[in-house]
Amino acid sequence: MKALIIGLTMLGVIESASAMNHGGMLMDEKGMIMNANSDNLPRDCTKISENVDITIHAGQKHALKFTGKMFAFDQQQWDVKPCAKINITFINDDQIRHQLMIHGLPGYLYPEGMFHLELYGKGKLQASLIMPSQKKTYLVHCEVPQHMEKGMKAQIKVDGGDGDLPSIPGISKPVRADVYPVDWSQQTTAVLLLCVLAGCAISYFVIINAQGINNKVQKTLAKLNLKRNTALH
Amino acid sequence: MTKRHLVLLILIIIALAAFAAFFVPGSTQKVGIAPPATVYNRSGETAGMEKPCSNEHPDWRPAQIIEGVTIDAAPSCEPDNPYDIATAVKGTNNVSMATLMQTNLAQDALTLTDDLDNDGDPDVIHMRLEVVELNGASPDGEFLINTFDIAPGIQPGLWVYAPKSRGMALKNFNSVVANPLLRAPSPVIRVEQGDKVYITLENTHYLPHTIHLHGVDHPWLTAKGEDNDGMEEHAVFPGKSHTYEIQPRHAGTMLYHCHVQTAQHFMMGLSGMFIVEENQPDNWLQTFNIGAGQVRHPSVAVTKSYSQEYDLHYQSVDKKLAQIIQNVNDPRLIAQRMNRDYNMTESFENYFMLNGHSFPYTLRDGMIIADENEDIKLHIANLQRSSVALHIHGHKATVTALDGVDQPAGLQVTRDVFDIAPAQRTDVRLQTKNDGLHSYGPGLWMFHDHVPTGTTTDGMEPGGNIAILAYKPLLDEQGMPKMHDELFDQVFNKDYYAKKQAVWGVGDFAQLLGQAGLLAPDYLRIIIFGLVTGLIIGLLVFIMLVFKRKQNQ
């Protein structure tokens, strides 16, 4: 693997990166690693709280367990402690390019707030990163056009996270949901009509028994009041 | 109330109704002596305006040498990235990391090796193509992603082949705009006659696709006995890849396109030009011409007999087809709507593009830019649904080849309208010799499809595939045509193509041909009608009440 370390300045996109950065980019004909960080602690961490080894598979076959998706990771969520060091083994099971991008990280350690693994085809990459201490949910996705949109989206929750991101397969609803036709059969119509009939019957029943019902309601209310009063005392 | 009273009342009501009929107010109304005043709907509105040329990379325009590759000057507003060109000539395996970093190409996108015939150029070519969706949907909100505007405010859903890329597909972190490698049309591919060419389709898209090498010499099966013709039954499914193998014996302008659900996938943009160049010594070709247009590193054979070379890719879009991928996200629903609900036989073409852009964006990267006395080679491909009748103002050019086969000298007709049926290619020699036949002299000469739909964008003129054959002295330093400021103010504006502005809304005739305003409501009429109608309703209620009271008694 004739890997080439590229100076940060060579990347137009991350020119703004602070001189403090020790990350950078590792790239060859199989793929690339950007902003890996196995030893720089975020400012809000005094030490690494735990070492988490996770293996993430990416591929079309992992979308089979969902409906209406085409690409996916094998898992959709990882929970870690504040200041955890995550050692990622990223495996691409497809014959095409996939990425694993994590967003929203502190910019002074990860230029543009991003950690990025990319495999140009079937293969494996390993890299680590250290999460800050903040209780937060981080986006994990593949940014190849339409891969996230069609299911390749997941999240890392530090300290339980601050909620779920939208449209994560099997976890959260999309913001802009698709509309599907309802399987509306004769039976469904029959249920609807029956309910309408029952509704009519109920109102008829109420009218002819108005007095009796009223009494019962009064009694129940009185009882409830009594209970509440006793509970208060 | 007596019967007599009742009859009287009813008669009054009828009379009132007849009276009211004369005062019915409407949403439109005939005008009296003075029609409404002209409305200036363009004054002070700048929200939709764009700069005609953003002039993002002036350093890309001059002629330059990168990695030893000579790159011709490109005076246009949006010149091709010279690093893309250098990499397309040398291969991703033969350029420095510094050059590769100036492109969005993956390191295995194009490898050039083995000079099989010992003539100084590589003859084993391995290219990798991905399938990219532009202006696609997102489940995360009401926006499109990896956007590519074909004209101001126009973002139809498109699919393109793209050389294998790396890194971010978006231009930057704060935008949904696709990076410059991901654009329409699918790139023009150039290989040399006799090269051993491997084309790997890596299907990054969520639907099956293939590459069919239309007109390119290729065996029906690969050496391994696998599909090599890209037909529907050998579709490459999402996440899979397939390599097509060719060693073309015949040179010419050919095509490549997807042959899965061909009508729709072709119209979505999965089609491009595939040019086999004559075998010549030391013939390093620009394997990819991203966005078509000017070839900044022409082949040896072209350089011998021409001063410049351009690829013109004509393409059209049916907005109903293009919207399918923007309205839903579930691949099954997209497949259903595209394969079964959509009916190609009842379709229209709404957008017409030259090299991925409609006018006025064609002025940024779709112009032919010439001096006097030039010989320019044009490769013209019709990848629309309908025929193209290409007309170049002020010039008559000569057909040199049809569908990649050279025309014998006696059949090389010189004319000013080139009829090109769908999927046909015409190679043309355009001369700028001011002799009253080939050229009428320097100018900003328009060239466009003369089929009337082709010059419009969803019916809005000027739009479609209109472009300009520009003589250099008539361009400004950003490569934009001079003397067109007024037109630019008008058309580099989304509101124009959203049909919100009068075509002749500014200038001396704005008062006479601008937007006619609305009529002021005729309040006297409205008040009279309202009062009379109220009176009628009141009287009817009165009659009913009286009638009811009588019944109760």
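The model is predicted; local features need pLDDT of at least 70, side-chain atom pairs count only at pLDDT 80 or more, and totals for chains, interfaces and linings use all residues. Residues are numbered from 1 along each chain as its sequence is written, while chains are lettered from A and ligands numbered from 1 in the order in which they are written.

Chain B contains 12 helices and 26 strands. Both are DSSP runs numbered from the N terminus: helices are H or I of at least four residues, strands E of at least two. The C-alpha trace spans about 120 × 55 × 50 Å along its principal axes. The radius of gyration of chain B is 31 Å, whereas a compact globule of 553 residues would have one near 24 Å. This radius is taken over C-alpha atoms, and the globule rule is 2.2 Å times the number of residues to the power 0.38.

Of the 553 residues, 46% count as buried. Buried means 20 or more other C-beta atoms within 10 Å of the residue's own; exposed means 12 or fewer, and partly exposed lies in between, with C-beta atoms placed from the backbone. Helix α1(B), residues 3-21, has 19 residues and reaches 27 Å from its first C-alpha to its last, close to the 27 Å expected at 1.5 Å a residue. The expected span is 1.5 Å times one less than the number of residues. The number of buried residues in α1(B) is zero, so this helix lies largely in the open.

His209(B) sits in the loop between β8 (196-202) and β9 (241-246). His209(B) counts as buried because it has 26 C-beta neighbours inside 10 Å. Its C-alpha lies 5.9 Å from that of Cys258(B), 49 residues away along the chain. Beyond four places in sequence, its contacts include Val131(B), Cys258(B) and His265(B). A contact requires C-beta atoms, placed from the backbone, within 7 Å.

Across the interface, 39 residues of chain B are in contact with 33 residues of chain A. On the chain B side, α3 (97-101), β5 (124-134) and α7 (331-341) each supply at least two residues.

Four strands of chain B form an open, mixed sheet in the order β10-β11-β7-β12. β10 (252-257) and β12 (288-289) stand at the edges with a single partner strand each, so one side of each lacks a neighbour in the sheet. Pairing requires at least two DSSP bridges between strands. β7(B), residues 188-192, pairs with β12(B) in the antiparallel sense over two bridges. Here Ile189(B) stands opposite Phe288(B).

Definitions and conventions
Contact = placed C-beta atoms within 7 Å.
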